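Please read the following report alongside the sequence and the model. It takes up strands, sheets and packed helices in turn.

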Amino acid sequence: MARIGIPRALLYHRYHLLWETFFRGLEEEVMVSPPTNKGILELGVQHSLTDICLPVKLACGHVAAIASKVDYLFLPRVLSVEKDAYTCPKIVAFPDMVRLNIPGIPKILDPVIDLRKKVVSHERQLREVAETLGKSHLLKKASREALRAQSNWFEAEPEAKKEASFLFKEVGSASWRGLRIALLGHPYNLFDSFINFNLREKLASMGIEILTLKHLEPSSIEEEAACLDYPPYWTAAKELLAGARLFFRSDLVDGIVYLIAFECGPDALLKVLIDSESKKSPHVAYMSLVLDEHTGEAGVETRVEAFLDAIARRKRTSRVTVAGVR
Amino acid sequence: MGPLTVAIKSIFRRLGQEIVVPPPTSHRTISLGARYAPELVCMPFKVTLGNMIEGLERGADTVAMATSHGNCRLGFYWPAQEIILKDLGFQFEMIPINYDRPLEFVGEFRRFGGGKGWKDVLPAFMFGIRKLLALEELEVLCMETRPRERESGLTTRLFRKWQAAVDNAPDSSTLKQVRQQARKGFLEARAESREPVARIRIVGEAYMMAEPNVNFHLQQKLGDMGVETERSYWLGKSVVRAIRLDRKGRREHEKAIRDATPYMRYPDLCTGCQSIGETIQAVRRNFDGVILIMPFTCMPEVLAQSVMHRVSEDHGIPVLPLPIDEHSDEGGISTRLEAFVDLIVRRKQLKSREALAGTGAAHSARAFGRGPTTTERLGAG
Ligand code: SF4
Ligand code: SF4
């Protein structure tokens with residue numbers, strides 16, 4: 001039984017169920033790097049280029065953290081997950097970055113996943129991997145199980161970090177209780193608690209209801225994406241834009257916080273479109289938050305605090321106005 | 001006025017249309033663009049946004065913007081720019097021009113042609129391309145002449161003169177004459193006794209490479225330091241390649257991508273690999289160093305940059321990555337360039353001393369023959 005290492009980074013946060021189930025199905029041992037911590041960030045900074053985006057930097061750190069402990073690293077080259085759309089080019093080239101920049105790398109399993117032109121079954125995509133591992137006979141079953149597991153992604157609770165530290169003033173204001181906030185961003189910005197300073201858990205523990213794209217019907221995101229004026233050709237960006245529009249138009253949330261990794265290519269442009277959507281829906285408060293390795297926790301909290309206070313105030317006034325009218 | 005502007009102006013003039021030429025890119029352009037663009041976007045977005053604003057201020061009602069079907073940001077420039085400009089209150093039609101797709105590209109020009117058919121549009125287009133190629137040849141001549149010029153400033157004067165001549169050339173035969181005379185003029189501007197101190201190839205992101213006003217006049221700066229430069233990207237060539245007239249260029253391009261394979265296993269999926277292949281080509285063609293010019297946060301070039309140190313080690317060629325954004329300052333760039341040129345000149349001297357001790361004669365003979373050969377190549381082209 002070989003030990004397969006998977007960095008807890010980038011698309012792992014979107015496809016963890018698929019990947020882990022698949023390798024278990026092949027009867028291999030799966031080793032996922034631990035949740036991001038300071039040490040991993042330091043490793044990442046050490047083994048990557050200064051000018052690359054934080055999520056890729058962290059991914060390098062995750063790889064470095066487990067490289068010596070596994071027989072194989074699973075770093076799929078996910079070029080495209082649907083027709084006529086791409087993922088980010090940095091994700092495609094990530095295995096090369098790892099290979100050439102991090103010392104002591106074991107053998108890399110890097111199947112190319114490219115559904116731009118035609119749909120390729122999951123089984124076909126990963127045949128090469130199963131062959132390398134000498135597990136072709138288990139491929140069919142493993143693939144089927146993996147797909148079934150992944151279909152639950154939208155319902156699956158993202159793992160939460162237990163010991164959240166609090167800097168928020170007086171551990172949150174009472175007026176925030178009951179607010180509904182949507183967090184928008186790439187899965188690795190939302191579900192990696194290190195990169196966003198536990199924002200999700202902190203807000204939830206103060207009685208704020210947190211929604212993400214996971215709370216929207218996958219089919220409604222698809223429908224919305226189909227009628228975008230300017231559909232982005234990066235799948236993640238397209239989903240984000242569609243999701244943002246649904247949140248802005250609905251009464252689901254009081255505010256939206258868009259988390260952007262500094263130096264993220266697609267998000268820099270997507271922000272223009274989401275900003276412009278926000279102008280069309282002034283009743284939903286909106287802010288964007290740029291994260292990089294130098295962002296301080298206190299700075300993020302101050303901005304989020306101001307944002308929440310403003311929403312709470314607005315809700316109060318609108319209630320007063322409504323009462324006055326009556 | 002850049003080569004592209006001259007070419008496009010010529011196309012429209014032939015079609016009997018009026019076109020608003022935005023003022024040349026200036027500090028104002030860049031700061032306008034930077035003010036209204038999202039902070040984290042790459043620099044070409046900001047500069048072209050600035051150009052658009054300045055064009056619209058002069059009364060343009062249509063904006064044409066280059067786009068592509070790749071996976072980097074270029075293909076999504078125009079929607080974001082359209083939204084920003086409309087928010088600013090401008091009214092216009094935005095036309096994305098995809099020059100990866102040859103027929104579509106010419107077809108777009110037909111739309112502006114005021115009801116003219118292919119029969120008029122095609123020759124106008126080809127003439128525009130010819131002007132573009134002529135202007136880019138002038139730039140090549142500058143890059144070769146400047147480090148050898150007889151008196152300082154002569155190259156720049158010649159360039160201005162011949163650029164105006166190309167712009168004014170009414171037909172192909174005049175243009176041909178202008179090109180011949182320009183070649184001769186530049187050749188005469190060289191001093192016999194001067195040889196460049198080094199040869200540097202410039203690779204990287206196309207826009208930054210081609211726009212002297214945003215790359216701090218990189219070519220000229222290096223030329224003034226006595227360096228002969230060459231660029232891996234020329235708009236004219238890439239258009240001709242896209243409309244499939246340039247077989248050789250195509251092959252070279254494909255070869256560069258193949259050369260990059262040891263560094264990027266699936267190079268056709270990552271555009272940055274081109275810079276890697278072009279760096280390896282530079283070694284084969286005896287360049288002394290490579291400058292990787294890129295906008296800060298450029299997605300493909302950041303990938304190239306992240307493996308470039310390995311390319312440089314493996315092939316023994318110094319590479320200077322030069323990320324630029326609107327906060328870059330000219331002084332800092334100059335200092336880095338000077339240090340880099342120093343480094344490669346010293347390295348070169350060391351090498352030639354070693355070579356002299358061994359097979360010196362053959363080496364210097366080749367260096368000697370280099371000047372005339374490059375000119376011949378241009379003469380043929
Ligand atoms: S999408 Fe953005 S954050 Fe993700 S890898 Fe690409 S540049 Fe980095
Ligand atoms: S190539 Fe670089 S600079 Fe050009 S659009 Fe793409 S990311 Fe931006």
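## A parallel strand pair in chain B

Strand 1 (residues 62-67) of chain B pairs in the parallel sense with strand 2 (residues 93-98) of chain B over six bridges, where two strands pair if DSSP finds at least two bridges between them, and where helices (H or I, at least four residues) and strands (E, at least two) are DSSP runs numbered from the N terminus. Within this pair, Met65(B) stands opposite Pro96(B) in strand 2 of chain B. Between strand 1 and strand 2 of chain B the chain passes through helix 4 (residues 77-87) of chain B, in a β-α-β crossover that is right-handed; a crossover has this hand if, with the strands pointing away from the viewer, the path from the first strand over the helix to the second runs clockwise.

This is a predicted model, in which local features need pLDDT of at least 70 and side-chain atom pairs count only at pLDDT 80 or more, whereas totals for chains, interfaces and linings use all residues. Residues are numbered from 1 along each chain as its sequence is written, chains are lettered from A and ligands numbered from 1 in the order in which they are written, and side-chain values use heavy atoms, with hydrogens and water left out.

## The sheet of chain A

Chain A holds an open sheet of four strands in the order 2-1-3-5, with parallel pairing. Strand 2 (29-32) and strand 5 (107-109) of chain A stand at the edges, each with a single partner strand, so one side of each has no neighbour in the sheet. Neighbouring strands of this sheet are turned by 30 degrees against each other on average, direction ignored; axes are lines fitted to C-alpha atoms, for helices over the stretch in contact, and angles run from 0 to 180 degrees between N-to-C directions.

Strand 1 (residues 3-6) of chain A runs parallel to strand 2 of chain A and is joined to it by four bridges, with Gly5(A) opposite Met31(A) and Ile4(A) opposite Val30(A). Two bridges join strand 1 of chain A to strand 3 of chain A, again in parallel, and there Gly5(A) stands opposite Leu73(A). In a regular strand the side chains alternate between the two faces of the sheet.

## Helix 1 of chain A

Strand 1, helix 1 and strand 2 of chain A make a right-handed β-α-β unit. The axes of helix 1 (residues 12-25) of chain A and helix 7 (residues 139-150) of chain A come within 8 Å and cross at roughly 155 degrees, and these two helices of chain A are therefore roughly antiparallel, given that angles under 35 degrees count as roughly parallel, over 145 as roughly antiparallel, 65 to 115 as roughly perpendicular and the rest as oblique.

By class, the contact of helix 1 with helix 7 of chain A has nine nonpolar, five polar and three charged residues. Here contact means heavy atoms within 4.5 Å, and Ala, Val, Leu, Ile, Met, Phe, Trp, Tyr, Cys and Pro count as nonpolar, Asp, Glu, Lys and Arg as charged, and the others, Gly among them, as polar.

An open sheet of four strands in chain B has the order 4-3-5-6, with parallel pairing. Its edge strands are strand 4 (227-231) and strand 6 (319-324) of chain B, each of which pairs on one side only, and the twist averages 25 degrees from one strand to the next. Strand 3 (residues 198-204) of chain B runs parallel to strand 4 of chain B, joined by five bridges, and Ile202(B) stands opposite Arg231(B) in strand 4 of chain B.

Helix 15 (residues 330-357) of chain B packs on this sheet, where it touches strand 3, strand 4, strand 5 (289-295) and strand 6 of chain B, and its direction makes about 170 degrees with that of strand 6 of chain B.

## Helix pairs in chain B

Helix 1 (residues 3-14) and helix 6 (residues 118-145) of chain B pack at an angle of about 155 degrees, with their axes 8 Å apart, and are therefore roughly antiparallel to each other. The residues of this contact between helix 1 and helix 6 of chain B divide into 11 nonpolar, two polar and five charged.

The axes of helix 7 (residues 154-168) and helix 8 (residues 172-188) of chain B come within 10 Å and cross at roughly 175 degrees, which makes helix 7 of chain B roughly antiparallel to helix 8 of chain B. Residues of this contact include Trp162(B) of helix 7 of chain B and Phe186(B) of helix 8 of chain B, and by class the contact has nine nonpolar, three polar and no charged residues.
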